Amino acid sequence: RKRHDVGMEIATSTDEGTENGADAADAPPAPSRTYRLREEEDAAAGMRRAILGRLEKATERLSDADEEGDAQAEAIHGARKDLKKARAALRLIREELGEKTFRRENRALRDAARLLSASRDAEVKLATLDALVTDAGDGPPAAALWREALAADRDRIVGGGEGDQTGAAVAAIEEVAARAPEWRIHHDGWKLLAPGLDTAYSEGREAFAALGDSPSFEAVHELRKRGKDLWYQVRLLRDAWEPVLDATAEEIHDFTELLGDHHDLAVLAEDLAERTPVDATQRDTLRKLIEARQAELLDQAGVAGQRIYAEKPKAFGRRMHAYWRAWRNGHQGGPGATSGPDGGTRRPGPVHHHGRRGDRRRACDRERACRDGPLPPGADGCRGCGASVVASSPSSTSARTFSCASTAARSSRAF
């Protein structure tokens with residue numbers, strides 16, 4: 001269904017008093033900033049609210065932090081994460097926003113994050129070197145000298161006027177937030193969310209397949225970015241089936257952390273190549289430690305990636321859509337309701353069975369699926385939604401596994 005600027009009033013409400021001069025305490029509460037779509041809101045309102053919530057939180061962190069020290073470092077780290085979440089949410093509704101609007105807002109938030117990157121990058125180099133030496137048990141003596149140089153770089157950056165950059169970043173973020181009420185969001189429900197989620201999964205799957213045996217720095221970094229998009233987007237949708245999608249999001253997060261550690265080591269290796277005061281022999285030893293650790297990380301990421309991107313994009317999309325429909329039906333339509341193509345509620349009709357040549361008919365048991373959760377591949381259950389497959393006639397033999405995208409039990413192939 002089409003809507004014009006869905007949810008704008010909800011997403012931009014304030015704590016202003018009424019025309020009769022009521023206290024702020026009598027005014028409606030401010031919108032939640034939680035980074036998840038909630039049961040009581042439509043998708044369009046929820047997306048606008050979630051994005052605005054991250055932008056507001058980022059500006060608060062940066063405005064309230066001390067000008068130097070650990071507080072500022074923590075504020076910058078938190079703000080950069082908020083901006084990543086906002087950009088992933090923008091990508092989820094990219095098709096609806098239109099390319100011009102998306103590119104403008106994404107570019108503005110990307111540039112704001114870059115203004116905050118210098119001190120954070122210096123801090124990450126230090127932490128990466130510490131972890132590398134700790135994992136190695138005993139690094140070469142030059143590691144201590146290198147660490148001193150990295151710490152000096154960090155301190156120089158933090159004390160060199162980063163506050164000015166922080167102020168510019170805050171101004172840029174506030175400009176995006178001010179434009180948010182003008183974003184034209186016409187659609188709602190799954191039709192709003194599906195294109196962006198399909199893109200995130202498909203592009204991540206393609207990037208994973210393109211790694212090869214000796215992936216470049218750029219290839220690993222691209223996969224990490226696409227994995228981050230999918231992680232944040234699954235988190236936005238996790239209430240559709242929280243026990244399953246929370247676990248899924250955690251697996252994707254672990255996967256992106258492995259790729260992130262690989263990226264940090266690559267940046268550290270670039271820094272090492274420029275450290276001429278470090279003895280050449282010891283520099284070679286450190287380089288080999290970095291390469292060995294990167295190989296371990298890629299091995300672990302390869303196993304995780306095979307699981308995360310096991311499904312074909314269409315199958316992944318159907319499964320996520322099924323979770324969304326079941327969630328929205330349970331909230332909007334009561335027990336037994338089904339949904340239309342956009343996730344709208346529809347009252348149930350006759351039970352649909354699927355079978356083979358009319359002699360063995362089977363149906364998904366929706367209640368048991370909700371109780372027992374999804375089944376692993378190869379188990380006696382639906383490959384798509386995880387529902388148990390039960391016989392609907394005495395003549396049925398042992399249960400087969402079907403692939404289906406909804407608990408309405410649409411017909412599909414046995415495997």
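## Exercises on a predicted helical model

Valine 158 has its place in helix H7. The model used here is predicted.

**Exercise 1. Is valine 158 buried, partly exposed or exposed, and which residues does valine 158 touch?**

Solution. 
- Step 1. Take the accessibility. The relative value for valine 158 is 25%.
- Step 2. Apply the cut-offs. Buried means under 20%, and exposed means over 50%. Valine 158 therefore counts as partly exposed.
- Step 3. List the contacts, not counting residues up to four places away in sequence. Valine 158 touches Gln72 and Ser119.
- Step 4. Check a distance. Valine 158 and alanine 122 are 36 residues apart in sequence. Their C-alpha atoms are 9.4 Å apart in space.

**Exercise 2. At what angle do H6 and H7 pack, and which residues meet?**

Solution. 
- Step 1. Locate the helices. H6 covers residues 117-136, and H7 covers residues 142-158.
- Step 2. Read the geometry. The two pack at an angle of about 160°, with axes 8 Å apart.
- Step 3. Classify the angle. Angles over 145 degrees count as roughly antiparallel. H6 is therefore roughly antiparallel to H7.
- Step 4. H6 and H7 cross in a left-handed way.
- Step 5. Name the residues. H6 contributes Ala118, Ser119, Ala122, Glu123, Lys125, Leu126, Leu129, Asp130 and Val133. From H7 come Ala143, Trp146, Arg147, Leu150, Ala151, Arg154, Ile157 and Val158.
- Step 6. Sort by class. The contact of H6 with H7 has 11 nonpolar, 1 polar and 5 charged residues.

**Exercise 3. Is alanine 142 buried or exposed, and what is alanine 142 in contact with?**

Solution. 
- Step 1. Alanine 142 is in helix H7.
- Step 2. The relative accessible area is 7%, so alanine 142 is buried.
- Step 3. Find the partners, leaving aside neighbours within four places in sequence. Alanine 142 is in contact with Val278 and Gln282.
- Step 4. Alanine 142 and alanine 280 are 138 residues apart along the chain. A separation of 9.9 Å lies between their C-alpha atoms.

**Exercise 4. How do the axes of H9 and H10 cross, and which residues make the contact?**

Solution. 
- Step 1. Locate the helices. H9 spans residues 189-209, and H10 spans residues 217-236.
- Step 2. Read the geometry. The axes come within 9 Å and cross at roughly 145°.
- Step 3. The crossing of H9 with H10 is left-handed.
- Step 4. Name the residues. H9 supplies Gly196, Leu197, Ala200, Tyr201, Glu203, Gly204, Ala207 and Phe208. H10 supplies Leu223, Arg226, Asp229, Leu230 and Gln233.
- Step 5. Sort by class. The contact of H9 with H10 has 7 nonpolar, 3 polar and 3 charged residues.

**Exercise 5. Where does arginine 238 lie, and is arginine 238 buried or exposed?**

Solution. 
- Step 1. Arginine 238 lies in the loop between H10 and helix H11 (242-273).
- Step 2. At 11% relative accessibility, arginine 238 counts as buried.
- Step 3. List the contacts, again not counting residues up to four places away in sequence. Arginine 238 touches Tyr35, Arg36, Leu245 and Asp246.

**Exercise 6. How many helices and strands are in the protein chain, and what percentage of its residues count as buried?**

Solution. 
- Step 1. Count the elements. The protein chain has 14 helices and 5 strands.
- Step 2. Take the burial. Of its 415 residues, 44% count as buried.
- Step 3. Residues 24 or more positions apart account for 69% of them.
- Step 4. Finish with the surface. The accessible surface is about 21400 Å². Carbon and sulfur atoms hold 48% of that surface.

Methods:
Residues are numbered from 1 along each chain as its sequence is written. This is a predicted model: local features need pLDDT of at least 70, side-chain atom pairs count only at pLDDT 80 or more; totals for chains, interfaces and linings use all residues. Side-chain values use heavy atoms; hydrogens and water are left out. Axes are lines fitted to C-alpha atoms, for helices over the stretch in contact, and angles run from 0 to 180 degrees between N-to-C directions. Helices (H or I, at least four residues) and strands (E, at least two) are DSSP runs, numbered from the N terminus. Angles under 35 degrees count as roughly parallel, over 145 as roughly antiparallel, 65 to 115 as roughly perpendicular and the rest as oblique. A crossing is left-handed if the near helix is turned anticlockwise from the far one by less than a right angle, and right-handed if clockwise. Contact means heavy atoms within 4.5 Å. Ala, Val, Leu, Ile, Met, Phe, Trp, Tyr, Cys and Pro count as nonpolar, Asp, Glu, Lys and Arg as charged, and the others, Gly among them, as polar. Buried means under 20% relative accessible area, exposed over 50%, partly exposed in between (1.4 Å probe, protein chains only). Accessible areas come from the Shrake-Rupley method with a 1.4 Å probe; for residues, only the protein chains shown count as cover.
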